[in-house]
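Here is a report on the model below.

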Protein chains: 2
Amino acid sequence: MEFKDFANLQSVQTLRKLAATPYSLAGRGALPPERISGYQASSCDFDLLYATQRIDEQVLTALQELADEAEAVKKFKAMKSGEVLNTIIGHESEDRQVLHTACRDVFSDSPCEPQATAQALVQLARLKTFLADLDNGILTNEQGKNFSTMIQVGIGGSDLGPRALYHGLKRFCRQGRDACFIANVDPDDAAEVLAGIDLSRTLVNVVSKSGSTLETLTNEGLIRQRFIAEGLDPGKHILSVTGEGSPMDDPTKYLASFHMYDYIGGRYSATSMVGGVTLGFVLGYEGFLELLRGANAMDIAAEESDLRKNIPLLMALLGIWNHNFLGFATLAVLPYSQALIRFPAHLQQCDMESNGKSISKCGNPVAWQTGPVVWGEPGTNGQHAFYQLLHQGTEIVPVEFIGFRESQYGEDMLVEGTSSQQKLLANLLAQSLALASGQEHANPNKAFSGNRPNSLLIGERLTPYTMGSLLALYENKIAFQGFCWNINSFDQEGVQLGKRMATRILSEFAGKENGQMKDLLQDAPEISLIQAARLG
Amino acid sequence: MEFKDFANLQSVQTLRKLAATPYSLAGRGALPPERISGYQASSCDFDLLYATQRIDEQVLTALQELADEAEAVKKFKAMKSGEVLNTIIGHESEDRQVLHTACRDVFSDSPCEPQATAQALVQLARLKTFLADLDNGILTNEQGKNFSTMIQVGIGGSDLGPRALYHGLKRFCRQGRDACFIANVDPDDAAEVLAGIDLSRTLVNVVSKSGSTLETLTNEGLIRQRFIAEGLDPGKHILSVTGEGSPMDDPTKYLASFHMYDYIGGRYSATSMVGGVTLGFVLGYEGFLELLRGANAMDIAAEESDLRKNIPLLMALLGIWNHNFLGFATLAVLPYSQALIRFPAHLQQCDMESNGKSISKCGNPVAWQTGPVVWGEPGTNGQHAFYQLLHQGTEIVPVEFIGFRESQYGEDMLVEGTSSQQKLLANLLAQSLALASGQEHANPNKAFSGNRPNSLLIGERLTPYTMGSLLALYENKIAFQGFCWNINSFDQEGVQLGKRMATRILSEFAGKENGQMKDLLQDAPEISLIQAARLG
């Protein structure tokens, strides 16, 4: 494998030239039937319609060359096979494999990386037993009753992915089972969640790879105290998901401990035990397996080297076209599915923590833009909120729309001759077209310039299987972009400085409480800020 | 009042020059105590610390000049007094007053606009009676029981603001009262909310100014059907908030109807009956009044013409500095308060729908950037998600941090010598400093360039009063920016095109169902898209 700087790729020069005159989507005739039918791709159960991107054959050809020059698919396959890709060449770095795909590569006789898959299978088998014990009344609460709620305590990757998937799949939860999440160190987060819960029938699933995450340990402490205050035994209610041998891998403190491994980054861990325990609890073991099947299918589809047949790769390259060549700073992900309400928040981590980097794979400052700001809310809600700016603002925002032909619940009714689901989908298509086409008008305030690029990702129905595919689609898209930008998408050094400064300020607070000497000099900005904020 | 184009202001030329060499926040000595104590402002119960913005005395002076040249405060006062500011000069436009401030200008003997305030007082008096009737058992369900839940059905401004305030103030809800929200036309939204509810004890509050919002009417229809299916009388459960005389202002269909007025835009309507009915139900009438008191206090504080003493004005101008002069496309609003989880989503509407415009107040295309993309999630959660990009990404994201000295619940515990609330605040201060200061490092991947502008907005505790102040602070900030950019922040023509196209596609769907002729030509992009998406 070669690691070539993005700016030096031949195709990048070609694309720069092409970006001077991108295809115009605005006005009559810009979207003929053959364009709309020609620019569509399928992977697993998803279709991508991308005629409403500012691309033509030349751009697509050059984007394919970019993917090839950067060896995006080759690196993706190497990643799945256990190559050590979480590195910065020539500098101290995490130096790890990147094997979240192994968690779902559990359906084949010849997995890409047998060792990691074997470890995943061990954890899955333990989860299956644990869930069966809950079903069979072997594991019950102090009064012999079944558990009905699981609280997942984690933050970042130990929270956002599982939470997004839980919301996405609530429809499929088993009767009498639900889940809650506590993440924030803000004590009001735990206070509010705990206010509405019968702790005696609650399992608490504490998730931290290192077993030392500040927020998670603090919240665990708070919850343990609450169990004791209610006369319950925390050891009968609290389980952990953590690295093997971490301080949280302790059978004397936890009802059970499941393992996660160094080669799975937090933001890619939703299909490991990090998501598995809570999702298995609410969906049942088979439901969680379905999610893995869908993710695995997309991991296989993403090995296709022709970007016209590989949605994750195609979306990665269209994103690069919009961000690096057309110059748009952000990306809106707008699901027309209320169940996906927390999916954009998960993507914010998965994408921005992966690709918000300034140093190349080789340790040099990058001379090109890396990851965009990713944001979004479900439609149609957003239409009545920020779409004004999408249509008529001075910031151009590329959009990835997501929709499903069928609703989850199937509870619908006709109003004025159409169902709610039809109204939802009519709006989805209409927004895509309106952003692209625009509209002239004699009143300047009612004119739309159009040419606002977007694509439509459409699936049949949001189920555990398609949710898994959608998750993997985005994970793989993000990896492809990182390979093209020639950055390390798998570390997160940028979170360290804030942590260190917080520790210093905390020791100042703690010192105050104990009347001790302070760690910081009186003219340190930390001290001035504490005083100005009147926190000292 | 004069409406001068932003690009022609004298101060804009000055600021362009100053932007070539903005103050550097990075490195040792850039944040001395006198800078941190010097750059702070107070309005109502909030403090703004803004030493971590890339500004100096010259920039502040020029920003003050900009505010003065644009007559920002003068126009704000005119707005409060009922001037017709929702216009595009020389073109057909909404031609309305902008009087959301009148909803809370109800505590003085000489309100700024007596007529609108009189109307607000009438609605408040009706709300007070309605809530008292609920308390006194005059209004009960079919079995004579009290109502325990209110579902608000609305979308956009009829949903986001009230929802954000409800989440922000859950701590203050009356025992045995809660609220839910249904907005999306996605039938799964209603299905999921209704799945967990005892309809017999539920009031449904349908909110639509026009009385004709597609999503809202559809969801109302769905809910009416459900009441009937459960043998309940919808007329005893459903109330409306709507324009006087709208199709929803109908005593034969609704238990009660409260009114909203044309001079209050949806996104500014949270302190009108749009928020008042549901918030009054959960907080009690006095709780809602407290919210109004806080908002009113901030409306008065925003009349100060010295930006160093007027936080909404100062934040508006700092935003313009970052967006127009330093060139940053987005703004992250990051509350260190879990209760504010939906506040950024509300701001997305309030800000982006107001200021996502391309036409000046005088109907000319703008030659400058208007509103940025606004996004955000609560801290500390975000620290474990997208902060990597904030610290080390190639997109620079200005940040508005929000925090409170005290928690809402006061349920806290010491872990390692400090409380959760202290940990929360230590992280808040640390992030502000880390983004500004950066840090050199021999390992390029562990280096932080710093110079990422941000400010800290700090209040004592999030209560109904301070929530009201915070809401008004942002509403007023947004209005000030619109006045400076010389745009109309109070219309939303950009949402119309998508609506019209959706209607055409829907009639195509409806025609299919009925076997009728289609409205659209066979080669219309709508038809091609329906076919490509396999929805036809």
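## A loop residue in chain B

B:Ala30 is in contact with B:Ser24, B:Leu25 and B:Ser437, leaving aside its neighbours within four places in sequence. Contact here requires C-beta atoms, placed from the backbone, within 7 Å. B:Ala30 lies in the loop between helix 1 (10–18) and helix 2 (33–38) of chain B. Helices (H or I, at least four residues) and strands (E, at least two) are DSSP runs, numbered from the N terminus.

B:Ala30 has 18 C-beta neighbours inside 10 Å, so it counts as partly exposed. The classes rest on other C-beta atoms within 10 Å of a residue's own: 20 or more is buried, 12 or fewer is exposed, and partly exposed falls in between; C-beta atoms are placed from the backbone. B:Val373 is 343 residues from B:Ala30 along the chain, and their C-alpha atoms are separated by 29 Å.

## Basis of the model

This is a predicted model: local features need pLDDT of at least 70, side-chain atom pairs count only at pLDDT 80 or more, and totals for chains, interfaces and linings use all residues. Residues are numbered from 1 along each chain as its sequence is written, while chains are lettered from A and ligands numbered from 1 in the order in which they are written.

## The hairpin of chain B

Strand 1 (residues 40–43) of chain B pairs with strand 2 (residues 46–49) of chain B in the antiparallel sense, over four bridges. Pairing requires that DSSP finds at least two bridges between two strands. The two strands form a hairpin with two residues between them. B:Cys44 sits in the turn and has a positive phi of about 50°. B:Ser43 stands opposite B:Phe46 in strand 2 of chain B.

In a regular strand the side chains alternate between the two faces of the sheet.

## Strand 13 of chain A

Six of the six residues of strand 13 (residues 454–459) of chain A are buried, so the strand is largely enclosed by the rest of the structure. Both of its faces are covered. A:Asn454, A:Leu456 and A:Ile458 are buried on one side. A:Ser455, A:Leu457 and A:Gly459 are buried on the other.

Strand 13 of chain A has a parallel pairing with strand 10 (residues 399–404) of chain A, over six bridges. A:Phe404 stands opposite A:Gly459 there. Strand 2 (residues 46–49) of chain A joins strand 13 of chain A through three bridges, and these two run antiparallel. A:Asp47 has A:Ile458 as its bridge partner.

## The parallel sheets

In chain B, five strands form an open sheet in the order 4-3-5-6-7, with parallel pairing. Strand 4 (178–182) and strand 7 (257–260) of chain B stand at the edges with a single partner strand each, so one side of each is left without a neighbour in the sheet. The twist averages 20° from one strand to the next; angles run from 0 to 180 degrees between N-to-C directions of axes, which are lines fitted to C-alpha atoms, for helices over the stretch in contact. Five bridges join strand 5 (residues 202–208) of chain B to strand 6 (residues 238–243) of chain B. B:Asn205 stands opposite B:Leu239.

Chain A also has an open sheet of five strands in the order 4-3-5-6-7, with parallel pairing. Strand 3 (residues 149–153) of chain A pairs with strand 5 (residues 202–208) of chain A over five bridges. A:Gln152 stands opposite A:Asn205.

## Core and interface

The largest nonpolar core has 332 residues. Such a core is a set of buried Ala, Val, Leu, Ile, Met, Phe, Trp, Tyr and Cys residues joined through C-beta atoms within 7 Å. A:Leu49 is one of the residues with the most contacts inside it. Among the residues that A:Leu49 touches are A:Ile36, A:Leu456, B:Leu529 and B:Ala532.

The contact between the chains takes 127 residues from chain B and 128 residues from chain A. Helix 14 (residues 420–437) of chain B gives the largest share of chain B's side, 14 residues. 100% of the interface residues of chain B are also interface residues in chain A, so the copies meet through the same surface.

Note on methods: Two residues are in contact if their C-beta atoms, placed from the backbone, lie within 7 Å.
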